[in-house]
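Subject: Structure for you to look at

Hello,

Here is the structure I said I would pass on. My notes on it follow below the view.

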Amino acid sequence: MNLKRAVITGLGAVTPLGNNVPEYWKNLRSGISGAGSITRFDTTNFRTRFACEVKGFDPLDHFDAKEARKLDPFCQYALVAADEAMKDAGIGSDDIDCTRAGVIWASGMGGLTTLDEQLIEYAGRSNKPRFNPFFITKIISNMGAGLISIKYGFQGVNFAPVSACASSTNAIAEALLYIRLGKADVIIAGGSEAVITESGVGGFNAMKALSERNDSPQTASRPFDVSRDGFVMGEGAGALLIEELEHAQARGARIYAELVGAGVAADAYHMTAPHPEGLGAYLAMRHALADARLLPSDVDYVNAHATSTPTGDTIEIKAMARLFSEWLPNLSISATKSMTGHLLGAAGAVEAIACVKAIQNNIVPPTINTESVDPEVPSTADLTLGKERTRLINIAMSNSFGFGGHNATVVFSNID
């Protein structure tokens with residue numbers, strides 16, 4: 001079968017480092033932390049009192065008041081990021097066959113902000129069952145995909161993959177398949193998350209997943225550091241306009257990079273802990289390279305999942321060392337969650353954007369806050385500590401792993 005090629009022609013982002021791609025990329029390159037005290041609720045009795053919140057985002061800058069009330073923040077972020085990607089691609093509904101345009105949009109948790117608000121109100125009303133008429137549509141995880149398709153009239157593929165923190169990487173991987181098989185010309189792929197809420201922070205605190213470094217939030221996310229104590233929660237959205245190559249060329253589109261491969265695998269091991277040998281991570285990376293018809297020695301940069309948890313970081317590096325072997329010293333690795341925090345289901349899309357921008361600019365964004373590298377990390381691993389690095393980047397890989405043992409990897413290439 002003659003498989004089609006998929007390219008990236010538009011990018012959009014709402015992140016703790018900036019509410020558009022230029023701001024996000026500038027602050028990522030500069031090693032800026034997006035962490036700070038939580039402003040959304042009273043954290044006095046919480047073990048973790050900080051997160052990487054989206055800042056300066058006013059829904060009324062993007063929606064009228066009536067529309068904004070119908071949308072959970074995760075959908076607001078989704079629509080804003082998707083709109084930036086559409087405009088960045090220079091494409092509109094009138095320019096394409098909308099029956100061959102789709103949306104694959106992920107969220108790990110959906111409308112948790114709305115769920116918290118409504119249940120707190122319900123409990124405070126002596127259990128009288130009065131709920132917002134938009135309660136269900138605000139909380140279901142597929143609504144980001146649905147609303148984007150409604151806005152642009154895209155009538156092709158439309159769904160929401162859910163695989164915890166691998167969700168939006170799975171969305172990108174699925175988009176690649178639909179484009180390759182000729183089932184779509186254009187797909188908006190990505191994910192959004194807004195779970196800095198009482199139940200979100202409290203729930204992750206209960207499982208001891210979050211950092212409790214309340215005295216120094218901006219240095220709390222420290223991937224690969226021997227003193228790391230958990231991840232820092234983030235929020236936001238990342239959108240990629242993925243287009244069939246000939247379709248993009250026919251309309252004279254600017255092409256950022258090619259999406260050349262994707263790999264998925266399961267740990268089949270534990271609900272929350274990664275496989276102790278990093279088997280699922282290794283398989284996802286290996287499958288992605290095989291799918292792209294590349295060798296490990298072809299890869300220049302890996303955006304690691306690296307959440308700053310005690311077990312996950314070193315297990316991921318162990319999987320990389322197995323896959324890349326003697327090539328490991330030549331590989332640039334960075335953990336951008338040290339700046340953005342962990343955007344859960346949206347993390348993969350935001351980090352895929354970092355990979356695309358790294359290829360475009362030949363710049364590896366840094367890993368910040370890591371002062372004393374865990375001795376389990378191979379000494380030959382280049383973690384890009386402290387500041388960005390300039391180098392030729394033709395091939396970049398992005399890893400995402402989620403609770404339930406979900407592993408997903410995507411690979412981008414400089415377009416030839």
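I begin with a pocket. Helix H3 and helix H4 (112-124) each supply at least two residues of the lining of the second largest pocket. Sorted by class, the lining has nine nonpolar, three polar and five charged residues. The volume of this pocket is about 310 Å³.

Please keep in mind that the model is predicted.

The largest pocket comes next, with a volume of about 550 Å³. Its lining is made up of 33 residues, and Thr 272, Pro 274, Thr 309, Thr 311 and Phe 403 lie nearest the centre. Three elements, helix H11 (312-324), strand S13 and strand S14, each supply at least two residues of the lining of this pocket. H11 gives the most, with four residues. By class, the lining of the largest pocket divides into 15 nonpolar, 14 polar and four charged residues.

Now the fold as a whole. The protein has 13 helices and 14 strands. Its C-alpha atoms fill a box of roughly 65 × 55 × 40 Å along the principal axes. For 416 residues, a compact globule would have a radius of gyration near 22 Å, and the 20 Å found for the protein agrees with that.

Ten strands form an open sheet with mixed pairing, and their order is S5-S4-S6-S7-S1-S8-S14-S13-S9-S10. Strand S5 (158-159) and strand S10 (332-334) each have a single partner strand, so one side of each is left without a neighbour in the sheet.

Helix H3 (residues 73-89) lies across strand S1 (6-14), S4, strand S6 (186-193) and strand S7 (236-244), and runs at about 135° to S1. Helix H10 (residues 279-292) also packs on the sheet, where H10 touches strand S8 (257-266), strand S13 (395-402) and strand S14 (406-413). The direction of H10 makes about 145° with that of S8.

The last item is a contact between two helices. Helix H7 (residues 167-180) and helix H13 (residues 347-361) pack with their axes 5 Å apart, at an angle of about 65°. Which residues of H7 and H13 meet? From H7 they are Ser 168, Thr 169 and Ile 172, and from H13 they are Ala 347, Gly 348, Ala 349 and Ala 352. Four residues of this contact are nonpolar and three are polar, with no charged residue among them.

Regards

Key. Residues numbered from 1 in each chain as written. Predicted model: local features only at pLDDT ≥ 70, side-chain atom pairs only at ≥ 80, totals over all residues. Heavy atoms only, no water. Pairing = 2+ DSSP bridges. Contact = heavy atoms within 4.5 Å. Axes fitted to C-alpha atoms, helices over the stretch in contact; angles between N-to-C directions. 1 Å grid on protein atoms, 1.4 Å probe; cavity = no way out; pocket = protein on both sides within 12 Å on 5 of 7 lines; lining within 4 Å. Points joined across faces, edges and corners; volume = space filled by probe spheres on them. Nonpolar A, V, L, I, M, F, W, Y, C, P; charged D, E, K, R; others polar. Rg over C-alpha atoms; globule rule 2.2 N^0.38 Å.
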